[in-house]
Structures are given as structure tokens and as C-alpha cells.
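Subject: Structure for you to look at

Hello,

Here is the structure I said I would pass on. Please open it alongside this email.

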Amino acid sequence: VQDIKSLCEHDLFEAAPDAAVEPGYYLPGSGQKMTNWGTSVVSFQVMEAKAAGGEYAGFGKQDTSKLEKDLNGLIFNALIHYPRPHAVHKAARRLHAASAQLLSKFDD
């Protein structure tokens, strides 16, 4: 997770969006665990907690599927919620490109 975080020059994805600032982001009644479009809420804080709890452990360092799923969720949520010219949307596109290159190391 730290390697992925290092690809960002900001903290836009550190925590999930504030419900007071981003109305309509969270599915009502989900305890801010689901987005209004039906995906899990993901942030670097969530990913770090999962890593610390061993949720990304698998068949050695090469098993990145769960990590990649959460990262893609984080990126997807940003692309869906924020319009194209928004800074968070642009940052998500950059993170996607940079993380794809990083994760491709584990394909072999």
C-alpha cells in the first residue's frame, strides 16, 4: 500500500470523502461503507487497515489480486463521482496509469 501511496503527490485518497462536503457520495443507511452507486468505499486508510489485518496476504508477494481490486475500486469511485475536470478525477486517472505500471511487475 505504501508503494501505491508514494505514487500520489497529494493526500486526496488518504481518507474517504467527508459526507458533509460530498452529499450523495454514500448510500443512505450503509454506515458510509457503500457508495450511492453500489460499490464499497475505499481509501488508503481502508487499504492500510486491510494490509495490517493480513487481508492482502496470499500466496506470497506475487498475489496482488485483492490489493488491486481495492485500488481499482478507489479509482473507479473517484472517476464516477467527480466530473472530468475535477482535480480528484484527474488525480485518479494519474494514479491508475502509475499503479498499472507498478503492479505489472508482479505479472510474471
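Below is what I found, from the whole chain down to single residues.

First, a caution. This is a predicted model. Every value here is computed from it.

**The whole chain**

The protein chain holds 4 helices and 0 strands. Along the sequence the pattern reads α-α-α-α. The C-alpha trace spans about 40 × 30 × 20 Å along its principal axes.

Of the 108 residues, 31% are buried. The chain exposes about 6,700 Å², and carbon and sulfur atoms supply 54% of that area. Residues 24 or more positions apart account for 58% of them.

**Helix α4**

Helix α4 covers residues 87-103, which is 17 residues. From first C-alpha to last, α4 reaches 24 Å. That is close to the 24 Å expected at 1.5 Å a residue.

Which residues of α4 are buried? They are Val88, His89, Ala91, Ala92, Leu95, Ser99, Leu102 and Leu103. Looking down the axis of α4, these buried residues fall within an arc of 150°, so they line one face of the helix. On the other side of α4, Arg94 and Gln101 are exposed.

What covers the buried residues of α4? The cover includes α1 (2-5), α2 (44-52) and α3 (65-81).

**Ser99**

Ser99 deserves a look of its own. This serine lies in helix α4. The cut-off for buried is under 20% relative accessible area. Ser99 has 3% relative accessibility, so it counts as buried.

Where do the polar atoms of its side chain point you? A polar atom of the Ser99 side chain lies 2.8 Å from the backbone oxygen of Leu95. The backbone oxygen of His96 lies 3.2 Å from a polar atom of the Ser99 side chain. Set aside the neighbours within four places in sequence, and Ser99 is in contact with Leu7, Leu71 and Ile75.

Ser6 sits in the loop between α1 and α2. The cut-off for exposed is over 50%. Ser6 has 57% relative accessibility, so it counts as exposed. Ser6 and Asn72 are 66 residues apart in sequence. Their C-alpha atoms are 16 Å apart in space.

Gln32 is also placed in the loop between α1 and α2. Gln32 has a positive phi of about 60°, although it is not a glycine. Its relative accessible area is 45%, so Gln32 is partly exposed.

Gly54 is found in the loop between α2 and α3. Gly54 is partly exposed, with a relative accessible area of 35%. Gly54 and His86 are 32 residues apart along the chain, and their C-alpha atoms are separated by 34 Å.

**Where to start**

Start with α4 and its buried face. Then go to Ser99 and its contacts with Leu7, Leu71 and Ile75.

Best wishes

Technical notes: Residues are numbered from 1 along each chain as its sequence is written. This is a predicted model: local features need pLDDT of at least 70, side-chain atom pairs count only at pLDDT 80 or more; totals for chains, interfaces and linings use all residues. Side-chain values use heavy atoms; hydrogens and water are left out. Helices (H or I, at least four residues) and strands (E, at least two) are DSSP runs, numbered from the N terminus. The expected span of a helix is 1.5 Å times one less than its number of residues. Buried means under 20% relative accessible area, exposed over 50%, partly exposed in between (1.4 Å probe, protein chains only). The arc is that of the directions from the helix axis to the C-beta atoms. Contact means heavy atoms within 4.5 Å. A polar contact is a pair of N or O atoms within 3.5 Å; within protein, one must be able to donate a hydrogen and the other to accept it, and residues adjacent in sequence count only if both atoms are side-chain atoms. Accessible areas come from the Shrake-Rupley method with a 1.4 Å probe; for residues, only the protein chains shown count as cover.
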